[in-house]
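Subject: Structure for your files

Dear colleague,

Here is the structure I said I would pass on. My notes on it follow below.

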Amino acid sequence: MNPMYLPLIPGLILGLGGMVLLLIGVLSKRDQTCTCTYGAVLVLVLAAAFCLAAPDGMLFAGLLKTSLFTRFADTMVYLGAAAALLLSLDYNRREAMARFEFPVLVLFAVLGMIVMISAADLMSLYIGFELQSLTLYILAASARDSLRSTEAGLKYFVLGSLASGLLIYGISLVYGFAGTTNFISLAAILANGAGYGTIIGIVFVLVGLAFKVSAAPFHMWTPDVYEGSPTPVTALFGTAPKIATMALLFSVMLGPFGHLLAQWRMIIEVLSILSMALGALAAIGQKNIKRLLAYSSIGHMGYALMGLAAGTLAGTQATLVYLAIYLVMSFGAFACVIAMRRKGQAVETIADLAGLSTENPGFALALAIFMWAMAGIPPLSGFFGKLYVFSAAINAGLTTLAVVGVVTSVIGAFYYLRVIKVMYFDAGTPGFDKTASSVRFVMFAGALVTCLFVFIPGPLITAADAAARALLG
Amino acid sequence: MNQIGFPILSLLTFLPLAGVAYLATLRGDEMAVASRARNGALITSLGVLALGIYLWMAFDPSQAGFQFVESLPWLSGLDVQYRMGVDGISLFLILLTAFLTPIAILSSWSITKRVRELMMAFLLLETMTIGMFCALDFVVFYIFFEAVLLPMYLIIGVWGGERRIYAAVKFFIFTLAGSLFMLLALVWLWRNAGTTDIVTLLHTPIAPQAQMWLFAAFLASFGVKAAVWPLHTWLPDAYGEAPIPGTIMLAAVLSKMGAYGFLRFAVPMLPQAAAAAEPLMFTLGVVAVIYISFVALAQTDMKRMIAYSSAAHMGIIIIGIFTFTVEGIEGALFQMLSHGIVIAGLFVCTGVLLSRGQTLTLSRLGGLAAKMPAYAALLMLFSLANVGLPGTSGFVGEILVIVGAMKVNFWVALLGAGGMVLGAAYMLMLLRAVLFDKLSRPELGALADLKPGEYAMLLPLAAMVLWLGIYPGSFTHMFDASVNAMVQAHIAALTPHTALAMVTK
């Protein structure tokens with residue numbers, strides 16, 4: 001086999017693996033959800049292994065490009081998807097929505113995401129974007145008999161198609177004015193400046209992608225979709241697609257459009273400030289923990305965008321570190337939400353957690369660790385994400401952004417603290433059901449990583465640095 | 001590696017964490033776990049104290065610089081290293097923490113609610129506090145400084161009094177807001193000097209214009225921690241609502257973190273801004289001494305009165321630091337130690353009453369001297385030390401600060417000393433209300449005097465009060481060199497010509 005095609009293998013594994021699992025599910029007489037889920041996890045592990053072993057390369061005449069940067073982002077997506085599958089296993093069975101299509105759809109979504117991450121052409125970018133979006137719409141509505149879930153799916157679909165429309169419109173404008181969709185050619189053309197048409201096109205592309213990372217003011221769908229979707233799907237929404245889209249934002253904005261940094265930086269700054277502010281303020285009044293996490297994720301995306309606004313090597317590294325840390329915290333927090341079940345019913349309000357620390361100290365401590373980490377309190381991992389983005393922003397001269405970040409962190413700390421307060425200080429008997437071992441695994445592994453990151457930060461930071469260098473050359 | 005060949009500072013810092021790990025493994029019924037947790041925590045903290053005393057013995061007082069320095073690569077790409085070291089300024093604050101943690105743990109003996117978690121929180125708190133005083137890298141310092149919030153928040157919120165939730169959240173948000181501004185200052189300094197090594201930062205010149213902003217950020221963070229007026233409003237709530245051992249750690253150790261921050265960062269790194277802020281800081285200090293003393297006079301609750309007295313004495317420490325004289329700074333440092341021990345003693349005395357099921361409302365106490373003579377003697381000793389009676393620790397620190405202040409500004413010295421008269425007034429009022437008068441309620445007559453466990457807490461504190469008061473030299477000569485070097489550096493930074501003259505001479 002031509003070694004040029006080695007970078008393609010992970011994608012092939014995902015696509016073919018997904019189809020094989022689909023066949024198993026369709027042809028088998030018995031319910032194969034469990035087999036398919038574990039099969040999908042295995043496919044993800046295999047794909048991740050091949051992905052990490054694959055060399056850098058350019059595929060299909062410049063449609064896709066792999067580098068250390070794409071491998072870094074791919075790995076995060078694989079991890080996120082695998083964790084979501086582990087969480088779904090027990091949840092879907094208890095909610096009587098266990099279907100073998102679920103893991104298969106997750107695999108196809110992951111395929112879409114890695115195409116997005118490796119895209120080196122506006123066309124492949126759009127194809128990857130649509131593949132993951134369409135599968136995610138279905139996943140949002142996967143609890144077919146639940147009104148909220150179908151509503152979430154429909155809402156996500158309608159607003160998501162709008163974003164897709166904006167994105168493709170932007171792409172067509174860029175193509176019309178620049179005459180190419182290839183990233184390398186675009187970079188060469190735009191190095192000499194760009195006309196208004198191209199700039200408008202870039203703005204549309206940016207808006208389409210901002211919608212997917214749910215940066216304010218394009219966040220409207222997030223709270224409703226997070227609340228309505230089945231929790232494992234929410235966990236997936238909160239992590240893998242956001243990481244993939246954020247990686248795409250970096251590779252597009254700093255790649256072909258990198259020379260126009262001065263033109264689009266202001267937009268990113270505004271998105272970042274609005275997201276941080278909205279994430280901090282709107283979450284205060286929330287009673288439902290999934291909605292709280294939705295607003296919290298909007299805020300986190302604001303912090304992550306700070307690195308893009310910096311537009312530097314350090315900024316890219318900072319965002320990659322931030323995303324990796326966010327991935328772990330976020331999954332841990334969602335595992336805790338999934339573990340909130342009373343008498344077979346999922347409960348979702350923060351008040352349901354009252355008294356948890358006496359009844360189940362391990363669970364309460366894990367959730368407290370995630371909340372503190374999200375608030376960015378050292379020595380937990382979340383602090384380091386914030387430290388890196390703040391230092392990147394200040395070094396790039398974006399002091400306002402950093403000051404806003406600091407103020408919103410304080411405000412944000414207030415609602416994260418409220419969750420801890422309810423668990424530790426309020427009296428109550430949550431009486432939660434026994435947590436499934438797969439959920440417990442995600443919860444405690446996440447808590448351990450979040451706590452111990454302070455002792456061994458080296459590997460992640462070095463890897464993020466190398467990935468950032470690979471992106472910016 | 002350092003001069004004694006093993007990483008003593010890391011050991012001091014992380015030994016309590018080993019205790020936490022041990023406590024986490026305890027299994028069995030609640031009573032057994034509780035008593036083993038108490039013993040485990042006490043033994044761990046005594047081990048830390050032993051190590052601390054060894055550190056004191058091995059410390060070379062003739063050197064002004066940092067000793068026992070350790071460094072390990074840590075955050076790659078950012079040039080942030082794990083650096084630890086002590087000098088004369090931090091040495092005794094580490095010892096103070098190591099000395100007071102076992103006492104705080106002993107004073108929590110009567111708490112029966114979730115003992116294991118409480119002990120784990122105290123050991124975590126000890127790790128964070130000692131680590132903060134040892135840190136020689138600004139990022140490492142910041143991490144420990146912030147992380148103190150986590151155990152303290154839980155200590156106030158879980159084991160505190162009636163309004164504990166309000167107090168815990170207020171404490172957390174106030175301190176977090178302050179320290180995030182320090183984070184911005186940290187990143188700015190980092191960018192300016194290209195490193196976060198504190199030793200390098202101390203010698204990196206900073207433009208006077210920028211110093212003002214940085215000083216404001218430091219004031220926001222250290223001022224909140226040290227409860228400088230008007231940033232002190234979280235203090236009465238937190239001190240009042242925290243359980244006794246928590247109050248001891250808050251008042252005796254955590255408030256020193258703010259003063260230490262001023263001494264370690266604000267003054268030496270920002271000499272021009274610190275000099276320019278001198279009138280402001282004197283004003284804040286004098287207001288703290290006088291105004292907060294008046295507030296203390298108006299309190300009706302024993303614990304709250306001591307809490308306000310603690311805040312008033314922080315004013316003296318601030319005045320001492322900002323005189324920039326050797327006497328003033330040594331006085332401030334000495335006062336930090338003395339205040340830590342005296343306040344701890346007073347709160348332990350408060351805890352003695354609480355553990356006998358008594359209220360702390362002053363009007364419902366009285367006449368205890370007749371029934372509890374030993375208790376009365378010790379409470380009297382700590383109260384008089386708090387007032388600054390010669391022969392006790394409080395005197396040495398206050399007289400040094402006032403001498404330092406007198407050199408700089410007569411009015412500050414006068415008003416500061418005047419404030420201490422108010423201190424005498426409220427402490428004597430407290431003594432009269434608790435110990436003398438007549439028994440306000442008959443059941444007070446039935447109270448037993450001190451038990452062995454209480455002696456174990458109060459006698460070491462009393463011994464320290466007298467030692468510090470009678471022979472202060474054994475402490476001051478340890479920090480003479482560091483303070484002298486600091487004052488020299490400060491003068492040199494303000495007047496480049498003198499520095500040149502000193503070199504040529």
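How many salt bridges are there between chain B and chain A? The count is zero. Please keep in mind that this is a predicted model.

The interface

Contact between the two chains involves 34 residues of chain B and 35 residues of chain A. Together they bury about 3,200 Å², and 82% of that is on carbon and sulfur atoms. On chain B, L150(B), Y153(B) and L184(B) supply 17% of the area buried against chain A, more than any other three residues. Four residue pairs are in polar contact across the interface, both residues being at pLDDT 80 or more.

On the side of chain B that touches chain A, two or more residues each come from α1 (8–25), β1 (67–75), α4 (115–134), α5 (138–147), α6 (149–159) and α7 (164–193) of chain B. Of these, α7(B) gives the most, with 15 residues. By type, this side of chain B divides into 27 nonpolar, two polar and five charged residues.

Helix α13 of chain A

This helix covers residues 289–310 of chain A, 22 residues in total. From first C-alpha to last, α13(A) reaches 32 Å, close to the 32 Å expected at 1.5 Å a residue. Because 22 of its 22 residues are buried, α13(A) is largely enclosed by the rest of the structure.

At the N-terminal end, α13(A) is capped by N288(A), which has a side-chain oxygen 2.6 Å from the backbone nitrogen of K290(A). After the helix comes G311(A), with a positive phi near 65°.

Regards

Terms used
Residues numbered from 1 in each chain as written. Chains lettered and ligands numbered in written order. Predicted model: local features only at pLDDT ≥ 70, side-chain atom pairs only at ≥ 80, totals over all residues. Heavy atoms only, no water. Helix = DSSP H or I, 4+ residues; strand = E, 2+ residues; numbered from the N terminus. Expected span 1.5 Å × (residues − 1). Buried < 20%, exposed > 50% of the residue type's maximum accessible area, 1.4 Å probe, protein only. Polar contact = N/O pair within 3.5 Å; in protein donor to acceptor, adjacent residues only side chain to side chain. Contact = heavy atoms within 4.5 Å. Buried area = accessible area lost by both parts, 1.4 Å probe. Salt bridge = Lys/Arg side-chain N within 4 Å of Asp/Glu carboxyl O. Nonpolar A, V, L, I, M, F, W, Y, C, P; charged D, E, K, R; others polar.
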